[in-house]
Amino acid sequence: MNNELLAVRSVSKAFGGVQANQEISLTIPSGKIIGLIGPNGSGKTTLFNSIVGYHPVDQGSVRFQGKEITKMLVPQIARLGLLRTFQQTRIFSGLSCIGNMQISAPVVRSGLKSLFTKFPIDDMEDIEDILAFVGLHSKRHLLAGQLSFGQQKLLEFAMALIAEPKLLLLDEPTAGINPTLINGLIDRLRVANQELGITLFIIEHNMRVIMNIADHIYCLAHGQLLAEGPPDKIQNNQTVIDAYLGAN
Amino acid sequence: MRAWHYLIILLLAVSAPFILPDYRTQLAFLWLMVILALSWDIMGGQMGYNSFGNIIFFGIGMYVCAVFQRDSGLEYFQGLLLGMGLGGLAAVIIALIIGNALLGMRGHYFAIGTLGLSVVAGELAGGWDYIGAGSGLTPPLYPGEISERNVFFYFLFFVWAGITFVSLWWVYRGRFGLAINAIRDNEDKAEAMGIYTTRYKVSAWTLSALFLGVIGGGVGNLIGFIDPKDVAFSGATFGVWMILMAILGGKGSLWGPVIGAIIFHVTQELFWTLFLGWQRVALGLLIVLIVVFFPEGILGWLRQRYPHRMRDANNSTEKNKLNK
């Protein structure tokens, strides 16, 4: 693939005796929505953590836009435009929704001088637009800690959008969200991908969701890459079905 | 808070030493307490990093100023003011050095890591002959009447407390405040959003050191004698008080530490007069009562009890800014 945005090459990570990721290689092309599935404990979140520099990898390399990022720190990687959200939603509970957005906006990140400057007013329009986009505009002055779990997930998504990433890794975006809201979330993911041009790499357990939106799916099991392919192929792949249901 | 509120506070503060001439030193110490509580709250309240070691910057400022006054041969006021500035500078440099090492630790580990700082500093100062070792150091005498001296120190401390308050008000309302609050709420998330957390943490620690380092020199001169363990690196008194006052008033807010400092200082002075001999017991009881009944501090308690009346005080700067 010539327009590869992220290239993971034979990445391994072990925690003590547990081989969480074993020689995993995958490629995320620019502009697509890529899915990552696998049974619980198959190493999906570990792979996300390895990509964004949360922990050092034992071997292998990660390249983002052709640049080697294997040894870079989390905030450095984030500033390149590679962001992730967390499975256990993480927001700044003591700040208002607007505060959460302001601190996530990319202007925050320029240089030492920005440590002590105020916020440019034109930021506010983007912030209000994105909060309206995820449906939190009426809650914008509330403390983030007062939001419901589902709303916090939406806020975390909004925070990722205002940061204008090139690639966004989403760790189970629909987990814990009211089933009727999931369709709305799918639409928003599509808009983020198509209109904002953000490439998405999504861990998801909800098969209906991931088969619906992903262009290409990778499947992990026991820390190894089990299968890859377009959604309809993965759905009918016997090894994937065995991994989920247990083969005899 | 409206403009005339600040005006009344300003008028009260300026006239206080003339209304209560017998209590000038105590009133000067009141402003010191405000500075101590505010400077601790940058780390402990706004950033969620409980430090037990901030008192070392106070001691460093005190020693640097006194040594400068002793060796520079400058006239009193020049020596004092320059010495206080140098004390602040020294505190900042040391904060940068140990901050980069200590702030890699988080939460409880950081708190425990800072616990030994004042003990180490006290022992080092107590063994160094150049700064008087265990027998301490005496700053030069104030050239003038005692009453005039007390007024001078009162206004010196008041002005620095004012500068501290206004500077913190200014940095809390911008990115810096938001970033250190984000670190308090979830440091991993802050990093994941691309915030260089270490840089902010060291800046907050350095800012704290600056306010303490500058005032340290003034306090040494007002007390008139610098003892390494009981005055300069007094972890058990000033070092603990600054934490208590911030928690009592309500940590993580601008006014909380100020209110806490005032109530704590007044109560403590009353205990000295009313329960002489038992003042430490009374103080200990007060600490227990604070933790049991005001875990969120007085300001936090008021906000819970009167949410509507206190909404104004709750981040009013942010609200005003957003209502453009």
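Reader: Which residues does G126(B) touch, leaving out those up to four places away in sequence?

Author: Start with the idea of contact: heavy atoms within 4.5 Å. By that test G126(B) touches A133(B), G134(B) and P228(B). This is a predicted model, in which local features need pLDDT of at least 70, side-chain atom pairs count only at pLDDT 80 or more, and totals for chains, interfaces and linings use all residues. Residues are numbered from 1 along each chain as its sequence is written, chains are lettered from A and ligands numbered from 1 in the order in which they are written, and side-chain values use heavy atoms, with hydrogens and water left out.

Reader: How many helices and strands does chain B have?

Author: Chain B has 16 helices and zero strands. Its radius of gyration is taken over C-alpha atoms, and the globule rule is 2.2 Å times the number of residues to the power 0.38. The radius is 20 Å, close to the 20 Å of the rule for 324 residues, so chain B is as compact as a globular protein of that length. Along the principal axes, its C-alpha atoms fill a box of roughly 55 × 45 × 40 Å. Of its 324 residues, 53% count as buried. Take the contacts between residues at least 6 apart in sequence: 78% of those in chain B join residues at least 24 apart.

Reader: Which residues of helix α15 in chain B are buried?

Author: Helix α15(B) spans residues 297-305, and its buried residues are G297(B), I298(B), L299(B) and G300(B). Their cover includes α12 (238-249) and α13 (255-274) of chain B.

Reader: How many aromatic pairs does the structure hold?

Author: A pair of rings is described by the distance of the centres and the angle of the planes. Rings of Phe, Tyr and Trp (its six-membered ring) pair if their centres lie within 6.5 Å; planes under 30 degrees apart count as stacked, over 60 as edge-to-face and the rest as tilted. The structure holds 27 such pairs over all chains. Take Y76(B) and Y142(B): the centres are 5.5 Å apart and the planes are at 80°, so this pair is edge-to-face. Y76(B) sits in helix α4 (76-102) and Y142(B) in the loop between α6 (117-126) and α7 (146-172), so the pair ties together parts of chain B that are 66 residues apart in sequence. Both residues are buried.

Reader: What is the strand order in the open sheet of chain A?

Author: Strands of a sheet pair through backbone hydrogen bonds, either parallel or antiparallel. Here, two strands pair if DSSP finds at least two bridges between them. The open sheet has six strands in the order β6-β7-β8-β3-β9-β10 (chain A), with mixed pairing. Its edge strands, which pair on one side only, are β6 (82-84) and β10 (224-229) of chain A. Look at β9(A), residues 216-221: five bridges join this strand to β10(A), and the two run antiparallel. L220(A) stands opposite L225(A) in β10(A).

Reader: Which strands pair with β4 in chain A?

Author: One is β1(A), residues 4-15, which pairs antiparallel with β4(A), residues 59-64, over five bridges. R9(A) has S61(A) as its bridge partner in β4(A). Another is β5(A), residues 67-68, antiparallel over two bridges. R63(A) stands opposite E68(A) in β5(A). β4(A) and β5(A) form a hairpin with two residues between them, and Q65(A) in the turn has a positive phi of about 50°.

Reader: What is phi at E164(A) and H222(A)?

Author: Most residues other than glycine have a negative phi. E164(A) is not a glycine, yet its phi is positive, about 50°. This residue is in the loop between α5 (149-162) and β7 (167-171) of chain A. E164(A) counts as exposed, at 56% relative accessibility. H222(A) also has a positive phi, near 50°. Its place is the loop between β9 and β10 of chain A. H222(A) counts as exposed, at 69%.

Technical notes:
Helices (H or I, at least four residues) and strands (E, at least two) are DSSP runs, numbered from the N terminus. Buried means under 20% relative accessible area, exposed over 50%, partly exposed in between (1.4 Å probe, protein chains only).
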